[in-house]
Amino acid sequence: MPNHFTLSAWRAWATGIGDQSDWVRWRRGELSLAGDALPDVSFLPAMQRRRLSALAKAAFSTAQPLLAGRDMPLLCCSVHGEAQRTYSLLQDVVGGEPLSPTAFGLSVHNAIAGQLSILCGIRSPALALAGGDLPLQAGFLEAAGMLAEGFPELLLLFCEEPLPELYRHSAQSPSFICATALHLSAGCAGEAASCELAQAGAGEPESAFESAEYQLPLIAALADDGGRVPLGRGWEVRIGG
């Protein structure tokens with residue numbers, strides 16, 4: 001499997017920070033991750049916006065500009081997915097309330113990938129990964145495999161939201177909604193940034209169940225225009241200009 005590919009573009013959103021220039025300011029300590037702002041999805045019709053959860057809106061706000069009308073495979077990776085929707089359905093079960101088929105359909109792990117495919121007119125394959133302990137590793141290795149199989153490009157998306165209070169005794173919860181989208185392609189980087197999957201040294205990441213803000217080291221490397229991001233189990237991704 002080739003271990004070099006190209007990072008053509010990226011976007012990330014977390015609690016009000018969405019522009020790359022603002023992420024650079026965050027890296028300089030000029031902005032903090034605080035507040036309760038929602039992602040801007042004004043490019044969608046109002047009826048479609050109302051169906052999206054806050055997590056799905058974050059995913060759309062990062063992924064849609066990178067798709068830009070292109071039909072490419074989607075690879076969506078999340079540890080917990082639509083945790084808030086799922087918890088609401090479970091509360092209805094406990095309360096003996098009838099379940100909404102629409103709410104259930106929007107709660108499953110591939111719901112965001114499916115909504116992106118439909119609303120952005122994507123006909124290429126769309127995959128949803130349950131990232132487990134090491135979601136960055138799961139996402140990047142799967143992306144590298146898809147590019148090696150012959151897909152010329154794809155969109156890799158990570159997204160998480162805070163867990164319901166009930167679950168926080170057994171897993172660390174993200175403090176805020178966060179989504180990161182990467183446009184990856186096969187071949188040499190040219191003027192774009194390069195990505196390399198490589199054997200890692202020290203600095204193995206903690207499990208996402210113990211370090212829930214796992215996207216921030218990746219966003220930091222992206223904002224810095226380069227860096228090494230540990231993926232776990234002897235792997236890291238090296239991002240360079």
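**Close-up views of aromatic pairs and salt bridges**

**View 1. F158 and Y214, an aromatic pair in the predicted model.** F158 is buried, and Y214 is buried as well, in what is a predicted model. The rings of F158 and Y214 form an edge-to-face aromatic pair, with 6.4 Å from centre to centre and 80 degrees between the planes. Because F158 belongs to strand β4 (residues 153-160) while Y214 sits in the loop between β6 (193-199) and α8 (215-223), the pair ties together parts that are 56 residues apart in sequence. F158 and Y214 also belong, together with F140, to one aromatic cluster.

View 2. W23 and W26 are both buried.

**View 3. The salt bridge of D22 and R25.** Among the seven salt bridges found in the whole structure is the one in which the side chains of D22 and R25 meet, at 3.7 Å from N to O. D22 and R25 both lie in helix α1, and a spacing of three residues, about one turn of the helix, separates them. R25 has a relative accessibility of 35% and therefore counts as partly exposed. A network of salt bridges links D22 and R25 with E30.

**View 4. D224 and R27, joined across the sequence.** A salt bridge connects D224 with R27, and their closest N and O atoms are 2.7 Å apart. Since D224 lies in the loop between α8 and β7 (227-232), whereas R27 lies in helix α1, this pair ties together parts that are 197 residues apart in sequence. Both partners can be described by their accessibility: D224 is partly exposed, with a relative accessible area of 38%, and R27, at 41% relative accessibility, also counts as partly exposed.

**View 5. The salt bridge of E236 and R238.** The side chains of E236 and R238 come together in a salt bridge, with 2.6 Å from N to O. E236 has a relative accessibility of 6% and so counts as buried, whereas R238, at 26% relative accessibility, counts as partly exposed.

Note on methods: Residues are numbered from 1 along each chain as its sequence is written. This is a predicted model: local features need pLDDT of at least 70, side-chain atom pairs count only at pLDDT 80 or more; totals for chains, interfaces and linings use all residues. Side-chain values use heavy atoms; hydrogens and water are left out. Buried means under 20% relative accessible area, exposed over 50%, partly exposed in between (1.4 Å probe, protein chains only). Rings of Phe, Tyr and Trp (its six-membered ring) pair if their centres lie within 6.5 Å; planes under 30 degrees apart count as stacked, over 60 as edge-to-face and the rest as tilted. Helices (H or I, at least four residues) and strands (E, at least two) are DSSP runs, numbered from the N terminus. A salt bridge is a side-chain nitrogen of Lys or Arg within 4 Å of a carboxyl oxygen of Asp or Glu.
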